Amino acid sequence: MDFELSDDHELLRRTVREFAEAEVAPVAAELDRTKAFPYEIVAKLGRLGLMGIPFPEQDGGGGGDTLAYALAVEQLARVDSSVAITLCAHTSLGTQPIHLFGNEQQRREWMPRLCSGEILGAFGLTEPEAGSDAANTKTRARADGDAWVVDGAKQFITNAGTDISGVVTITALTGEGEISNLLVANGTPGYAQGEPYRKMGWNASDTRPLTFDGCRVPAANLLGPRGDGLRQFLHVLAIGRIGVAAMGLGLAQGAFDEALAYAKQRRAFGREIASFQAIQIKLADMATEIEAARLLVYRAALLKDGGRDFALAAAQAKLKTGRLAVRCAEEAVQVHGGYGYIEEYPVCRMYRDAKILTIGEGTDEIQQIVIARALSA
Amino acid sequence: MKICVLVKEVPDAAVEKRINPSTGRMDRGGERNLNPYDTHAIEAAMQVKEGGAVDVEEIIAVTMGPSTAVRALHKAVSLGADRSVHLSDDALAGSDVVATGYALAKVLERESPDLVLLGQQSDDGECYTIGAVVADYLRMPSLTQVIKMDVTPGSLRCERQAEYGYDTVEIELPAVISVGDAINEPRYPSLKAIMGAKKKPLDAVGIGDVGLEADRVGEAGSKVVCGDFKAPPQKAAGEIIEDEDTNETVEKIIAWLDERKLLA
């Protein structure tokens, strides 16, 4: 067993860490406050080749592996979750389905622009009545000549409504009990993006409801075989869990780093508060849990990269890190005392950003079901 | 034109630096990184190459250090250097500035560069001197704290940051130039560059390969003797003047400054 990152991975980790600290950290609070999408940062991430890390170079991707992707997401989330989820949703949910299930023409049409960050990809799965119960999709696609006519609505969709959003993969009923995935380009008549939600956190990321009203999509936009939608999106979500787990890990680490720095600088009763056991216990617990979670996340990534079954490890990593992010953010606020409740300190934003990690891309309860099934319980 | 960039692996900026009292050397445990000042030197080399005023055939990153220093070289080539040279030998451990300068100069002699660039200081030792020492061994002109560089075939016009303002100096090549962090904004390596870094040639050499005399390097070849180390004295607590009546406050501040002969 080797717990050392390879030189490539270590250099990538360091590069994204430096990028996040220099380019993201100084603007994160303002982007959050003004709920402004980080266009400039996304463009820079694109130029560095980070908007398509795990996809093949011949498709315009970075040729990296899942571990490289997880490391990058972790380092971004350590500083800002809005930027991290923008990259994460674009990669895991927006681009992955086209990479995995797209035919050559679809990949040629979309992959290079997605991987370069020129356009953003989105994944339209959740509906008002189909969240954890994603197979209960009500959106319908009716064959009409050489097109599919789509009617329905999606909600809580990331990256679909920005100025650079290019394509969304949606699940739709193409027959009785038959779910298929369809690619819908932004600008297609009948496809509209609603107003962004007023969220608790992830304020600088783009999240909206989508509507499809007699939206005609070319028949060639069917992704993979007709009726394969359920299998496809379960597979996409399984891989996606590694990315979201890296987000939880990064947020937990970021909250811990802020708490440690603050505890060493803040004085009370004539001493640094880091010298009090009450604070030390919090820091020691956080650091230990984070280290354990990191091994879980990296292991899930390594299993995937090794072509082995990663579903259990990924679900465990997702469950563990989401809860940990919530807990570490809370403890970090506690260490900051009253200042932790003030937006001038990043832990305040982290506290708001953390909660979605126990809900989005599969709730904790769904992860527990996945885990229990994998254990044949 | 051939450019060599001297780089160094240093403890990461976030690591608290301390001297190991038993060895008298800096404790280099913990996370390490390429010296941030050296990234400016690599960027300066890249800008000369991309500027097109002269034809740069090769940029070579050169380091002296233990096996872990390979990671600093990987970063250097990911930032644009074409290949790297790693001088590593147990006999080099404990080299002082003069011995290090001598060793690096011997590596550089093999390469015969037209221009040697380096960061003006290392983030650990902060000596600011290695460029001048290397230049002396190579019998090349040297400039330090350079924050602007215009290369023409055969010569180099530099602006250097001085205490009193800026010097504009023109020097002939080959030369050794140490650069300040105001010279440029280093780029980040792209994912492609990172993944390609290991494919670029890395030449690992020991002291025998570059004709180094063993008694002129390492602890034995160093003239610096580390004596006792003491932490810098604690600063005395400052005096706080409450601003109740501003006129009175100003008078108090002036009296305080005057007492210390700080007013002309």
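Reply: A pocket here is an open set of grid points with protein on both sides within 12 Å along at least five of seven lines, and its volume is the space filled by probe spheres set on those points. The model is predicted. By that definition, the second largest pocket has a volume of about 1,500 Å³. Its lining is made up of 50 residues, and those that lie nearest the centre are B:Lys8, B:Arg28, B:Ser95, B:Thr100 and B:Asp124. Several elements of chain B each give two or more residues to this lining: the strands β3 (19-20), β4 (25-26), β6 (58-64) and β8 (115-119), together with the helices α3 (97-111) and α4 (130-138).

A search of the whole structure finds 1 cavity of 30 Å³ or more, and the volume of the largest cavity is about 30 Å³. B:Thr39, B:Ile42, B:Glu43, B:Met46, B:Leu79, B:Pro186 and B:Arg187 form the lining of that cavity.

Next, helix α2 of chain B. Of the 9 residues in this helix (residues 70-78), 8 are buried, so α2 is largely enclosed by the rest of the structure. Buried means under 20% relative accessible area. The buried residues are B:Val70, B:Ala72, B:Leu73, B:His74, B:Lys75, B:Ala76, B:Val77 and B:Ser78. An α-helix has 3.6 residues a turn, so residues three or four places apart point the same way. After α2(B) comes B:Gly80, which has a positive phi, near 135 degrees.

As for the whole of chain B, it contains 6 helices and 13 strands. Its C-alpha atoms fill a box of roughly 70 × 50 × 40 Å along the principal axes. Of the 264 residues in chain B, 46% are buried. Among contacts in chain B with a separation of 6 or more, 71% join residues 24 or more positions apart. The accessible surface of the chain is about 14,100 Å², and carbon and sulfur atoms account for 51% of that surface.

A:Leu260 is in helix α6 (residues 229-265) of chain A. Its relative accessibility is 31%, so A:Leu260 counts as partly exposed. A:Leu260 and A:Thr137 are 123 residues apart along the chain, and 45 Å separates their C-alpha atoms.

Note on methods. Residues numbered from 1 in each chain as written. Chains lettered and ligands numbered in written order. Predicted model: local features only at pLDDT ≥ 70, side-chain atom pairs only at ≥ 80, totals over all residues. Heavy atoms only, no water. Buried < 20%, exposed > 50% of the residue type's maximum accessible area, 1.4 Å probe, protein only. Helix = DSSP H or I, 4+ residues; strand = E, 2+ residues; numbered from the N terminus. Contact = heavy atoms within 4.5 Å. Areas by Shrake-Rupley, 256 points an atom, 1.4 Å probe, with all protein chains shown as cover. 1 Å grid on protein atoms, 1.4 Å probe; cavity = no way out; pocket = protein on both sides within 12 Å on 5 of 7 lines; lining within 4 Å.
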